[in-house]
Structures are given as C-alpha cells and as structure tokens.
Amino acid sequence: TNLDNILADMRFQQGQLLGDNPNSGYEQQILGMGYYLDAVGMERQQDFYYLNLGRSLMSIADIKRQQNNGQLGQPKANASVNDLLDMPSIEAAEQAVLQQTPLETMSYAQAVLERAQQLNSLNKDHYANLARLHNFWFGRLNQDPAQLNEAIDWYKRGHEIAPQDVTILNEYASAVALMGNYLSNQQKTAEAQTFYQQANELLADSKRLDPNYPDTSLR
C-alpha cells in the first residue's frame, strides 16, 4: 500500500511536468494524461488525482477543437471513468483518447470531474471545476445553453458549499451574466435583464464580503 502511494505520487508529478507546461504539444498532453490515469489507477480514492486528470482531458479536447476545423463530433452519454481505467494498459487508454472526437473527450473530462466531486463532496474546488468545464463547453465548443445552465448550477452549489469564497461567487456572477448575453442575442430582452440583475446582486454580495478584492469591481 505504501509503495502504491509513492508510485502514484511519482506518476502524478510526471503528469504535472507535461500537463502544466505551456509549451507541451498534443503528444506531451496525451502522455501527461496517461501519467495522471496511472496515478488514479493506483489510488482510486484520491480526488486530487481525478481533478488533474479532468483538466488534462479538457486541454486535450481544446487542442482537438483547434485541429479539427470545427468538427466536434457528439458527446458520449454513457462516458465513464472506468472505461479508461479498465483498459488493458495506459498505452491503450492513450490510443483510445487519441481517437475520440473533441466532445467525446469532454464527456470523459466531465465524468472524471464528477467522480472527484463524488469522492469529496465538501471540496468547493470540485464544484468550481465542474462549473468551469461546462462554461468552457459553452464558450469554446458548441454554444449550447444547456451547458451554460449546468455551469450556473455547479457554481450555485459551489457557492452554497463555500459562501465566503469571492472567487467562486464572481465566476458564478459572470456565468449568470453570460446567460443574459445569450438571451439578449436571442432577442429575449426581458429574460436577459433578469439574469443581468441577478449577476449584479451576486457581485454586490461579493463586494460586501471583500470590499478590497479588485476582481469584483472589474466584473
């Protein structure tokens, strides 16, 4: 058991070296994802490993988006972390991810981050990262308002877990305002104003919590 802990941490650090490097290309990101997956396989109850694996899959999906000239494919409704963990080898899992469309990879990123949240439901970061995933899905991929609704819901839940966290509160407000923008573009002016008002109220709450946090005034 102790050896598994040590090896998992080593694999995790190898994944960070590749995944967090801004100069890493597609192949390096895939290798980093493989290291994270190996760490998760050794320590399946470590929610922090899942968090970084999910982020890695999101980065890979974004690279695919840029390379595929707008061909996003379809999400995989039944994507499961175990699909990757039960592969005969890490190399097989890497090949499977390589062959996925951008939205299939995003489906797996979502499944991974949801597993992290299930493992540690009191960790506010899991709610925020799921919200960011859906926000990214809406903004960078297919402009599906259902994804933005998911982002708003996860931010709301994260705010309920950590009501004093102004970073989550501000991101929550921006997601609500983004829905206002979307509705405004759909000529739904009255509905848009409701979301703008809610966003302003959230930012006002944030200002009361921390009057000196500069991000709030900017937003």
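1. Basis. The model is predicted, so local features are taken only at pLDDT of at least 70 and side-chain atom pairs only at pLDDT 80 or more, while totals for chains, interfaces and linings use all residues. Residues are numbered from 1 along each chain as its sequence is written, and side-chain values use heavy atoms, with hydrogens and water left out.

2. Helix α9. This helix covers residues 166-185 and has 20 residues. Helices here are DSSP runs (H or I, at least four residues), and strands are E runs of at least two, numbered from the N terminus. From first C-alpha to last, α9 reaches 28 Å, close to the 28 Å expected at 1.5 Å a residue; the expected span is 1.5 Å times one less than the number of residues. At its start, a side-chain oxygen of aspartate 165 comes to within 3.0 Å of the backbone nitrogen of threonine 167.

3. Buried means under 20% relative accessible area, exposed means over 50%, and partly exposed lies in between (1.4 Å probe, protein chains only).

4. Threonine 216. This residue is found in helix α11 and counts as buried, at 6% relative accessibility. Leaving aside neighbours within four places in sequence, threonine 216 is in contact (heavy atoms within 4.5 Å) with Asn170, Leu203, Ser206 and Lys207.

5. Salt bridges, and the pair of arginine 11 and aspartate 38. The structure holds eight salt bridges, each a side-chain nitrogen of Lys or Arg within 4 Å of a carboxyl oxygen of Asp or Glu. In one of them the side chains of arginine 11 and aspartate 38 meet at 2.8 Å, N to O. The pair links distant parts of the chain, with arginine 11 in helix α1 and aspartate 38 in helix α2 (residues 26-42), 27 residues apart. Arginine 11 is partly exposed, at a relative accessible area of 28%, whereas aspartate 38 is buried at 18%. Not counting residues up to four places away in sequence, aspartate 38 touches Arg11 and Ile90.

6. The pair of arginine 140 and aspartate 62. These side chains meet in a salt bridge at 2.9 Å, N to O. Arginine 140 lies in helix α7 and aspartate 62 in helix α3 (residues 47-67), so the pair ties together parts that are 78 residues apart in sequence. The relative accessible area of arginine 140 is 42%, partly exposed; that of aspartate 62 is 13%, buried. Salt bridges that share partners join Asp62, Arg65 and Arg140 into one network.

7. The pair of arginine 219 and aspartate 215. Another salt bridge brings their side chains together at 2.6 Å, N to O. Arginine 219 counts as partly exposed, with 40% relative accessibility.

8. Ile6, Leu7 and Met10 form a nonpolar surface patch with about 270 Å² of accessible area together. Patches are made of residues with over 30% relative accessible area and no salt bridge; like charges are joined within 9 Å and nonpolar side chains (Val, Leu, Ile, Met, Phe, Trp, Tyr) within 5 Å. Areas come from the Shrake-Rupley method with a 1.4 Å probe, and for residues only the protein chains shown count as cover. Leucine 7 lies in helix α1 (residues 2-19) and is partly exposed at 33%. Asparagine 5 is also found in helix α1. Asparagine 5 and glutamate 43 are 38 residues apart in sequence and 7.0 Å apart in space, C-alpha to C-alpha.

9. Positive phi in two loops. Most residues other than glycine have a negative phi. Glutamine 143, not a glycine, has a positive phi of about 50 degrees; this residue lies in the loop between α7 and α8 and is partly exposed at 42%. Glutamine 187 has a positive phi of about 65 degrees although it is not a glycine. Glutamine 187 lies in the loop between α9 and α10 and counts as exposed, at 65% relative accessibility.

Technical notes
A polar contact is a pair of N or O atoms within 3.5 Å; within protein, one must be able to donate a hydrogen and the other to accept it, and residues adjacent in sequence count only if both atoms are side-chain atoms.
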